[in-house]
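Subject: Structure handover

Hello,

Please find the structure below, with notes on what turned up in it after that.

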Amino acid sequence: MTTDSFLDEAIARGFVFQCTDIDALRAAMQAGPIAAYIGFDCTADSLHVGSLVQIMILRLLQKHGHKPVVLLGGGTTRIGDPSGKDEARQMLTDETIAANMVGIRQCFAPFLRFGEGPSQAMLANNADWLDQLGYIPLLRDIGVHFTINRMLGFDSVKLRLDREQPLTFLEFNYMILQSYDFRELSRRHGVTLQIGGSDQWGNIVAGMELTRRTDGKAVYGLTTPLITTASGGKMGKTAQGAIWLTRDRLSAYDYWQFWRNTEDADVGRFLRLFTDLPLDEIARLEALGGAEINEAKKILATAATTLAHGAERAAQAAETARQAFEEGEAAANLPSVTLPRAELQAGIPAFRLFVLAGLAASNAEARRLIRGGGAKVNDVAVTEEGHLVAADQLQEGAIKLSAGRKHHRLVKMD
């Protein structure tokens, strides 16, 4: 795989939204491997599917012989990126940020090869240099290259001002620190490309300009499109919660089910973005019609789950789904929750049990599920919201709950 073919495949798969100078970037890649980075702030102890486009483009970059750099925002997380936000993020303690960073590191291992080689991925932490900054030196060295006029024009700032919502001076500085990151990575590791979501365009351009003005170096920026479902839903979020990438936050089965439930119109797009399948094979799969599109969804689910959880867990998830849906079995490999013996023996209202099992986000949602006829206990429809589910309904040590045809849990007793 040649280094100069990265852009061609990235465009063909739908990864590219904007690029600052695509011809110059292509020429730089033709000259040999480059280093490119994406930043991830540490606001939770795992990333979710909403960040997967960024991870997959780093994977594609490495496939073509370039060096991916994962920048963890140990420093910038203390401020919070205002891009696309209506209000300031909750301030996190240093201890929470450090713990989140440990969890987030695990998200990249299944997708990237880390090491010391020219195309091996590396991790960096912007706290390593941001924590050393003095305020006056920062103003003199960096602040002189930013005008308030230009900063007020960035979408992340205009959004707040247009809606007359507060934008703190702390958040206003975020773009300056992200620009500093780009220059620092350029100096320390020879990074010449920053990649980010479409909402990061202004921040990326600001970092490019800072690096050019202070170091006289040409660097580049590329953004990925905002990914939503065909029906307009936000990628990575479901009624049951976020689709986390780390195995301790979400089972392989639930991850597989998320992809299996892809809307028909999204199958081809998601196969291109979230799997390594060849483009000609994807073209064949997305052309399937009628019931055959479900086979394409299963291939998508298994391929995506293989990347995140490994081939063995992906195959097990696919087989568990087959047993649960095609054979009607309460397969032992279904995700489970364990409840206190005393609580289950006394009986739990059905609507509450569906919340405890993670099949509904709230009591109100669980009640709607039951009223709509979508809730089952041991494959029998529940018609009353307050129906008590108790230990005497255990079958082979578990009670099977179903929310619709595709979401199932086993409830066990400790």
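This is a predicted model: local features need pLDDT of at least 70, side-chain atom pairs count only at pLDDT 80 or more; totals for chains, interfaces and linings use all residues.

Residues are numbered from 1 along each chain as its sequence is written, and side-chain values use heavy atoms, with hydrogens and water left out.

β14 and β15 (residues 407-413) pair antiparallel over five bridges; pairing requires that DSSP finds at least two bridges between the strands. They form a hairpin with three residues between them, and G404 in the turn has a positive phi of about 70 degrees. Strand β11 (residues 375-377) is joined to β14 by three bridges, also antiparallel, with A375 partnered by A403.

Five of the five residues of β14 (residues 399-403) are buried, so the strand is largely enclosed by the rest of the structure (buried: under 20% relative accessible area, exposed: over 50%, partly exposed in between; 1.4 Å probe, protein chains only). I399, L401 and A403 point one way, K400 and S402 the other.

**Cysteines**

The structure holds zero disulfides (pairs of cysteine sulfur atoms within 2.5 Å). C42 is buried at 0% relative accessibility, and its sulfur is 10 Å from the closest cysteine sulfur, in C107, too far for a bond.

Regards

Note on methods: Helices (H or I, at least four residues) and strands (E, at least two) are DSSP runs, numbered from the N terminus.
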